[in-house]
Amino acid sequence: QVQLVESGGGLVQAGGSLRLSCAASGRTVSMDAMAWFRRAPGKEREFVAAITWNYGKQDYAGSVKGRFTISKDNAKNTVYLQMNSLKPEDTAVYYCAARLTNNPAWSKWGQGTQVSVSE
């Protein structure tokens, strides 16, 4: 099993920055990729960014491209989301997810961390 724990959320003014962290534990050798999703109030959960665990290939939603950067530290089994130029519409609960080898679904999820961006 893989367990994920997010940290780093908070309240920031528009234009500010935050860095989220997601620490993985357990059977991390089975991880193929990790990602960040978010759910804003009254909206569906949406994809934010992903990174493959072995090769570091990154993918971003159009709404965050150029402002957010996903990175990883394999030695620490941790993935990060650096969020710059934050906008009020980035306000959401941010979730970390892991995709395991031989399973195309994002099957492991963290508990979420709140990010709030004020005007």
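Modeller: Buried means under 20% relative accessible area, exposed over 50%, and partly exposed in between, with a 1.4 Å probe and protein chains only. Tryptophan 106, at 21%, therefore counts as partly exposed. The model is predicted: local features need pLDDT of at least 70, side-chain atom pairs count only at pLDDT 80 or more, and totals for chains, interfaces and linings use all residues. Residues are numbered from 1 along each chain as its sequence is written, and side-chain values use heavy atoms, with hydrogens and water left out.

Biologist: How many aromatic pairs does the structure hold?

Modeller: Rings of Phe, Tyr and Trp (its six-membered ring) pair if their centres lie within 6.5 Å; planes under 30 degrees apart are stacked, over 60 edge-to-face, and the rest tilted. The structure holds three such pairs. Phenylalanine 37 and phenylalanine 47 have ring centres 5.7 Å apart and planes at 75°, so this pair is edge-to-face. Phenylalanine 37 lies in strand 4 (residues 31-39) and phenylalanine 47 in strand 5 (residues 45-52), so the pair ties together parts ten residues apart in sequence. Strands (E, at least two residues) are DSSP runs, numbered from the N terminus.

Biologist: Is phenylalanine 37 buried or exposed?

Modeller: Phenylalanine 37 is buried, at 10% relative accessibility. Phenylalanine 37 also forms an edge-to-face pair with tryptophan 106, 6.0 Å centre to centre and 70° between the planes.

Biologist: Which charged end sits over the ring of tryptophan 106?

Modeller: A charge sits over a ring if NZ of Lys or CZ of Arg is within 6 Å of the ring centre and within 35 degrees of the ring normal. For tryptophan 106 it is arginine 99, 5.0 Å from the ring centre.

Definitions and conventions. Helices (H or I, at least four residues) and strands (E, at least two) are DSSP runs, numbered from the N terminus.
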